[in-house]
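The report below takes their pairings one at a time.

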Amino acid sequence: NKKSTAAASAAAAVDAHFAAAGERRSLATSLGAWTGSAPRRGAGILTEVYYLARREKNSLLRDRAGLVAAIAAPCCLNLLFAGIFYQAGDRERPNYQVMTHFGAISQIAIGGMFGAAQPLLLSFPLEAALFKKEYGVGTYTATTYFAAKTAVEVPKSFLVAALTWLVSYWLIALEGPIILYILALWLMGFAIASTALLLGCLVPNVEVGLQVSPAVLVPQILFAGFFIKSEQIPPFLRWAQYLCSLRYGNNLFALIAFGPQETDSWDNSTRAEAELLLELNQIEPGDWWVNVLVLASIGVAFRLVAIAALSWRAARTA
(Lines give C-alpha, C1' and ligand atoms only; values in the text may rest on other atoms or scores of the structure.)
Protein backbone atom coordinates (compact mmCIF):
# COMPACT_ATOMS: atom_id res chain seq x y z
CA ASN A 1 0.00 0.00 0.00
CA LYS A 2 2.80 2.38 0.90
CA LYS A 3 4.49 1.59 -2.44
CA SER A 4 1.30 2.11 -4.40
CA THR A 5 0.60 5.34 -2.53
CA ALA A 6 4.14 6.59 -3.26
CA ALA A 7 3.82 5.62 -6.93
CA ALA A 8 0.49 7.40 -7.18
CA SER A 9 2.00 10.51 -5.55
CA ALA A 10 4.95 10.43 -7.95
CA ALA A 11 2.67 10.03 -10.95
CA ALA A 12 0.53 12.92 -9.76
CA ALA A 13 3.63 15.07 -9.32
CA VAL A 14 4.82 14.23 -12.85
CA ASP A 15 1.37 14.99 -14.28
CA ALA A 16 1.28 18.28 -12.41
CA HIS A 17 4.77 19.14 -13.70
CA PHE A 18 3.87 18.52 -17.34
CA ALA A 19 0.54 20.30 -16.97
CA ALA A 20 2.30 23.35 -15.54
CA ALA A 21 4.95 23.15 -18.29
CA GLY A 22 2.23 22.96 -20.92
CA GLU A 23 0.50 26.00 -19.48
CA ARG A 24 3.77 27.92 -19.41
CA ARG A 25 4.57 26.88 -22.99
CA SER A 26 1.10 27.88 -24.17
CA LEU A 27 1.38 31.24 -22.41
CA ALA A 28 4.87 31.86 -23.77
CA THR A 29 3.73 30.95 -27.26
CA SER A 30 0.80 33.35 -27.03
CA LEU A 31 2.99 36.15 -25.74
CA GLY A 32 5.52 35.53 -28.48
CA ALA A 33 2.96 35.59 -31.27
CA TRP A 34 3.37 39.29 -31.91
CA THR A 35 7.11 39.43 -31.32
CA GLY A 36 8.10 36.49 -33.49
CA SER A 37 9.57 34.59 -30.55
CA ALA A 38 8.75 31.13 -29.27
CA PRO A 39 9.73 29.63 -25.90
CA ARG A 40 13.48 30.00 -25.54
CA ARG A 41 15.88 27.09 -25.68
CA GLY A 42 19.54 26.65 -24.97
CA ALA A 43 20.63 27.18 -28.62
CA GLY A 44 21.57 30.73 -29.60
CA ILE A 45 20.13 32.71 -32.48
CA LEU A 46 23.13 32.18 -34.76
CA THR A 47 23.04 28.43 -34.08
CA GLU A 48 19.36 28.28 -35.02
CA VAL A 49 19.93 30.28 -38.21
CA TYR A 50 22.92 28.10 -39.15
CA TYR A 51 21.11 24.77 -38.83
CA LEU A 52 17.89 26.05 -40.40
CA ALA A 53 19.82 27.53 -43.33
CA ARG A 54 21.74 24.29 -43.75
CA ARG A 55 18.48 22.33 -43.81
CA GLU A 56 17.04 24.79 -46.33
CA LYS A 57 20.15 24.49 -48.51
CA ASN A 58 20.13 20.68 -48.35
CA SER A 59 16.45 20.64 -49.25
CA LEU A 60 17.13 22.91 -52.22
CA LEU A 61 20.04 20.81 -53.50
CA ARG A 62 18.26 17.51 -52.86
CA ASP A 63 15.37 18.51 -55.12
CA ARG A 64 17.44 18.37 -58.31
CA ALA A 65 14.47 18.51 -60.64
CA GLY A 66 13.16 21.62 -58.90
CA LEU A 67 16.60 23.25 -58.93
CA VAL A 68 17.07 22.57 -62.65
CA ALA A 69 13.60 23.95 -63.35
CA ALA A 70 14.32 27.06 -61.26
CA ILE A 71 17.38 27.76 -63.44
CA ALA A 72 16.15 26.51 -66.82
CA ALA A 73 12.70 28.11 -66.75
CA PRO A 74 13.86 31.76 -66.58
CA CYS A 75 16.60 31.07 -69.13
CA CYS A 76 14.17 29.59 -71.66
CA LEU A 77 11.48 32.17 -70.99
CA ASN A 78 13.84 35.13 -71.36
CA LEU A 79 15.37 33.63 -74.49
CA LEU A 80 11.86 33.72 -75.91
CA PHE A 81 11.41 37.35 -74.80
CA ALA A 82 14.78 38.24 -76.30
CA GLY A 83 13.82 36.56 -79.57
CA ILE A 84 10.56 38.50 -79.76
CA PHE A 85 12.31 41.80 -78.93
CA TYR A 86 15.45 40.94 -80.90
CA GLN A 87 17.67 44.05 -81.25
CA ALA A 88 14.85 46.26 -79.92
CA GLY A 89 17.43 48.41 -78.16
CA ASP A 90 19.59 48.99 -81.24
CA ARG A 91 19.20 52.68 -82.05
CA GLU A 92 20.92 52.21 -85.41
CA ARG A 93 18.01 50.19 -86.76
CA PRO A 94 15.69 52.19 -89.04
CA ASN A 95 12.56 51.02 -87.21
CA TYR A 96 13.87 51.70 -83.67
CA GLN A 97 11.23 52.95 -81.22
CA VAL A 98 11.70 54.00 -77.61
CA MET A 99 8.43 52.36 -76.56
CA THR A 100 9.46 49.01 -78.06
CA HIS A 101 12.78 49.32 -76.22
CA PHE A 102 10.91 50.07 -72.98
CA GLY A 103 8.49 47.21 -73.69
CA ALA A 104 11.36 44.73 -73.86
CA ILE A 105 12.67 45.87 -70.48
CA SER A 106 9.18 45.83 -68.95
CA GLN A 107 8.56 42.29 -70.18
CA ILE A 108 11.79 41.07 -68.55
CA ALA A 109 10.68 42.77 -65.32
CA ILE A 110 7.20 41.18 -65.45
CA GLY A 111 8.72 37.75 -66.01
CA GLY A 112 11.07 38.34 -63.09
CA MET A 113 8.13 39.27 -60.86
CA PHE A 114 6.24 36.03 -61.54
CA GLY A 115 9.46 34.03 -61.29
CA ALA A 116 10.15 35.42 -57.82
CA ALA A 117 6.59 35.09 -56.50
CA GLN A 118 5.19 31.82 -57.81
CA PRO A 119 7.67 29.35 -56.23
CA LEU A 120 7.03 30.81 -52.78
CA LEU A 121 3.26 30.88 -53.29
CA LEU A 122 3.37 27.18 -54.18
CA SER A 123 5.79 25.98 -51.51
CA PHE A 124 5.39 28.18 -48.46
CA PRO A 125 1.82 27.19 -47.45
CA LEU A 126 3.05 23.57 -47.42
CA GLU A 127 6.11 24.45 -45.32
CA ALA A 128 3.93 26.36 -42.86
CA ALA A 129 2.57 23.10 -41.42
CA LEU A 130 6.08 21.94 -40.47
CA PHE A 131 6.87 25.38 -39.08
CA LYS A 132 3.80 25.36 -36.82
CA LYS A 133 4.75 21.94 -35.45
CA GLU A 134 8.36 22.87 -34.72
CA TYR A 135 7.55 26.37 -33.55
CA GLY A 136 4.86 25.07 -31.21
CA VAL A 137 7.37 22.95 -29.26
CA GLY A 138 9.91 25.78 -29.14
CA THR A 139 12.45 24.40 -31.63
CA TYR A 140 13.21 27.86 -33.02
CA THR A 141 11.70 31.33 -33.41
CA ALA A 142 9.89 32.77 -36.38
CA THR A 143 12.63 35.39 -36.73
CA THR A 144 15.41 32.83 -37.09
CA TYR A 145 13.24 30.77 -39.45
CA PHE A 146 12.78 33.71 -41.81
CA ALA A 147 16.42 34.75 -41.46
CA ALA A 148 17.51 31.27 -42.56
CA LYS A 149 15.11 31.23 -45.51
CA THR A 150 16.36 34.65 -46.59
CA ALA A 151 20.00 33.56 -46.32
CA VAL A 152 19.35 30.76 -48.83
CA GLU A 153 16.89 32.67 -51.00
CA VAL A 154 19.06 35.77 -51.60
CA PRO A 155 22.01 34.08 -53.39
CA LYS A 156 19.61 31.92 -55.39
CA SER A 157 17.65 34.97 -56.55
CA PHE A 158 20.90 36.72 -57.51
CA LEU A 159 21.85 33.73 -59.68
CA VAL A 160 18.44 33.81 -61.38
CA ALA A 161 18.69 37.58 -61.95
CA ALA A 162 22.16 37.19 -63.46
CA LEU A 163 21.04 34.40 -65.80
CA THR A 164 17.98 36.40 -66.82
CA TRP A 165 20.04 39.27 -68.15
CA LEU A 166 22.93 37.18 -69.45
CA VAL A 167 20.61 35.41 -71.90
CA SER A 168 18.73 38.55 -72.98
CA TYR A 169 20.96 41.63 -72.63
CA TRP A 170 22.95 41.30 -75.87
CA LEU A 171 20.11 39.77 -77.91
CA ILE A 172 17.91 42.77 -77.16
CA ALA A 173 20.92 45.09 -77.68
CA LEU A 174 20.41 46.96 -74.43
CA GLU A 175 22.62 49.82 -73.29
CA GLY A 176 23.89 50.59 -69.83
CA PRO A 177 26.01 48.41 -67.50
CA ILE A 178 24.60 44.89 -67.30
CA ILE A 179 25.51 44.66 -63.61
CA LEU A 180 23.05 47.48 -62.86
CA TYR A 181 20.24 45.56 -64.57
CA ILE A 182 21.15 42.46 -62.56
CA LEU A 183 21.24 44.32 -59.23
CA ALA A 184 17.94 46.11 -59.97
CA LEU A 185 16.20 42.82 -60.84
CA TRP A 186 17.72 41.15 -57.77
CA LEU A 187 16.42 43.89 -55.46
CA MET A 188 13.00 43.87 -57.12
CA GLY A 189 12.86 40.09 -56.77
CA PHE A 190 13.61 40.39 -53.05
CA ALA A 191 10.70 42.81 -52.60
CA ILE A 192 8.34 40.67 -54.69
CA ALA A 193 9.36 37.54 -52.78
CA SER A 194 8.55 39.33 -49.51
CA THR A 195 5.08 40.10 -50.86
CA ALA A 196 4.63 36.42 -51.79
CA LEU A 197 5.86 35.30 -48.35
CA LEU A 198 3.36 37.56 -46.63
CA LEU A 199 0.56 36.22 -48.81
CA GLY A 200 1.73 32.66 -48.11
CA CYS A 201 1.57 33.34 -44.36
CA LEU A 202 -1.99 34.64 -44.57
CA VAL A 203 -3.61 31.94 -46.73
CA PRO A 204 -4.53 28.50 -45.31
CA ASN A 205 -3.37 26.42 -48.30
CA VAL A 206 -1.85 26.49 -51.79
CA GLU A 207 -5.21 26.55 -53.58
CA VAL A 208 -6.32 29.72 -51.82
CA GLY A 209 -2.92 31.30 -52.44
CA LEU A 210 -3.15 30.65 -56.18
CA GLN A 211 -6.69 32.05 -56.27
CA VAL A 212 -5.69 35.23 -54.44
CA SER A 213 -2.31 35.82 -56.12
CA PRO A 214 -3.72 37.46 -59.32
CA ALA A 215 -5.33 40.15 -57.17
CA VAL A 216 -1.87 40.95 -55.78
CA LEU A 217 0.34 40.49 -58.85
CA VAL A 218 -1.74 41.61 -61.84
CA PRO A 219 -2.31 45.20 -60.57
CA GLN A 220 1.48 45.54 -60.33
CA ILE A 221 1.66 45.11 -64.11
CA LEU A 222 -0.86 47.90 -64.66
CA PHE A 223 1.03 50.26 -62.36
CA ALA A 224 4.43 49.44 -63.94
CA GLY A 225 4.12 52.33 -66.42
CA PHE A 226 4.12 50.47 -69.75
CA PHE A 227 0.45 49.82 -70.51
CA ILE A 228 -0.70 53.14 -69.07
CA LYS A 229 1.36 56.10 -67.97
CA SER A 230 1.28 57.04 -64.30
CA GLU A 231 -0.21 60.48 -64.90
CA GLN A 232 -3.14 58.92 -66.81
CA ILE A 233 -4.22 56.77 -63.83
CA PRO A 234 -7.12 58.38 -61.89
CA PRO A 235 -5.80 60.14 -58.77
CA PHE A 236 -8.01 58.10 -56.42
CA LEU A 237 -6.23 54.92 -57.59
CA ARG A 238 -2.77 56.33 -58.16
CA TRP A 239 -1.74 55.81 -54.52
CA ALA A 240 -1.69 52.02 -55.03
CA GLN A 241 1.41 52.25 -57.20
CA TYR A 242 3.46 53.07 -54.10
CA LEU A 243 2.92 49.50 -52.83
CA CYS A 244 3.94 47.87 -56.12
CA SER A 245 7.50 46.57 -56.26
CA LEU A 246 7.31 46.10 -60.03
CA ARG A 247 6.72 49.82 -60.41
CA TYR A 248 9.99 50.73 -58.68
CA GLY A 249 11.94 47.97 -60.40
CA ASN A 250 10.73 49.20 -63.79
CA ASN A 251 11.69 52.75 -62.79
CA LEU A 252 15.25 51.58 -62.18
CA PHE A 253 15.38 49.75 -65.52
CA ALA A 254 14.08 52.85 -67.29
CA LEU A 255 16.71 55.04 -65.60
CA ILE A 256 19.48 52.62 -66.58
CA ALA A 257 18.31 52.51 -70.21
CA PHE A 258 17.01 56.06 -70.74
CA GLY A 259 18.77 58.14 -68.09
CA PRO A 260 20.87 61.19 -69.01
CA GLN A 261 24.07 59.15 -68.73
CA GLU A 262 22.89 57.09 -71.71
CA THR A 263 20.88 59.57 -73.80
CA ASP A 264 23.39 62.47 -73.88
CA SER A 265 24.90 61.06 -77.07
CA TRP A 266 21.54 60.26 -78.75
CA ASP A 267 20.07 62.36 -81.54
CA ASN A 268 17.68 65.08 -80.43
CA SER A 269 14.40 63.43 -81.45
CA THR A 270 15.19 60.07 -79.86
CA ARG A 271 16.47 61.73 -76.70
CA ALA A 272 13.27 63.81 -76.51
CA GLU A 273 11.18 60.60 -76.73
CA ALA A 274 13.17 59.03 -73.90
CA GLU A 275 12.81 62.14 -71.73
CA LEU A 276 9.07 62.23 -72.41
CA LEU A 277 8.80 58.57 -71.39
CA LEU A 278 10.44 59.33 -68.05
CA GLU A 279 8.30 62.43 -67.55
CA LEU A 280 4.99 60.70 -68.26
CA ASN A 281 5.86 57.96 -65.76
CA GLN A 282 6.97 60.53 -63.15
CA ILE A 283 10.52 59.14 -63.09
CA GLU A 284 13.10 61.66 -61.95
CA PRO A 285 16.67 60.81 -63.07
CA GLY A 286 18.13 62.02 -59.79
CA ASP A 287 15.79 59.90 -57.68
CA TRP A 288 17.23 56.47 -58.46
CA TRP A 289 18.14 56.10 -54.79
CA VAL A 290 14.47 56.60 -53.82
CA ASN A 291 13.47 53.57 -55.89
CA VAL A 292 16.27 51.52 -54.31
CA LEU A 293 15.25 52.60 -50.82
CA VAL A 294 11.55 51.87 -51.41
CA LEU A 295 12.26 48.38 -52.80
CA ALA A 296 14.49 47.57 -49.84
CA SER A 297 11.88 48.94 -47.42
CA ILE A 298 9.07 46.90 -49.00
CA GLY A 299 11.22 43.78 -48.83
CA VAL A 300 12.10 44.22 -45.16
CA ALA A 301 8.71 45.54 -43.99
CA PHE A 302 6.67 42.80 -45.65
CA ARG A 303 8.93 40.12 -44.15
CA LEU A 304 8.51 41.60 -40.68
CA VAL A 305 4.73 41.56 -41.12
CA ALA A 306 4.98 37.98 -42.41
CA ILE A 307 6.91 36.99 -39.25
CA ALA A 308 4.17 38.44 -37.06
CA ALA A 309 1.39 36.86 -39.15
CA LEU A 310 2.93 33.39 -39.17
CA SER A 311 3.73 33.54 -35.45
CA TRP A 312 0.16 34.57 -34.68
CA ARG A 313 -1.27 31.72 -36.77
CA ALA A 314 1.11 29.21 -35.17
CA ALA A 315 0.18 30.41 -31.67
CA ARG A 316 -3.54 30.04 -32.43
CA THR A 317 -3.08 26.39 -33.41
CA ALA A 318 -0.70 25.61 -30.53
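Predicted model: local features only at pLDDT ≥ 70, side-chain atom pairs only at ≥ 80, totals over all residues.

Glutamate 153 sits in helix H5 and arginine 303 in helix H13 (residues 288–317), so the pair ties together parts that are 150 residues apart in sequence. Both glutamate 153 and arginine 303 are buried.

Helix H5 (residues 142–166) also carries lysine 149. Lysine 149 forms a salt bridge with glutamate 127, and their closest N and O atoms are 2.8 Å apart. Glutamate 127 belongs to helix H4, so this pair links parts 22 residues apart in sequence. Lysine 149 counts as buried because its relative accessibility is 6%. Glutamate 127 is partly exposed, at 24%. Salt bridges with shared partners join Glu56, Glu127 and Lys149 into one network.

Arginine 91 and glutamate 175 meet through their side chains in a salt bridge of 3.1 Å, N to O. Arginine 91 lies in the loop between helix H3 (64–84) and helix H4 (98–136), and glutamate 175 in the loop between helix H6 (169–172) and helix H7 (178–202), so the pair ties together parts 84 residues apart in sequence. Arginine 91 counts as partly exposed, with 25% relative accessibility.

| Salt bridge | N to O distance |
|---|---|
| Lysine 149 – glutamate 127 | 2.8 Å |
| Arginine 91 – glutamate 175 | 3.1 Å |

How many salt bridges does the structure hold? The count is five.

Terms used. Residues numbered from 1 in each chain as written. Heavy atoms only, no water. Salt bridge = Lys/Arg side-chain N within 4 Å of Asp/Glu carboxyl O. Helix = DSSP H or I, 4+ residues; strand = E, 2+ residues; numbered from the N terminus. Buried < 20%, exposed > 50% of the residue type's maximum accessible area, 1.4 Å probe, protein only.
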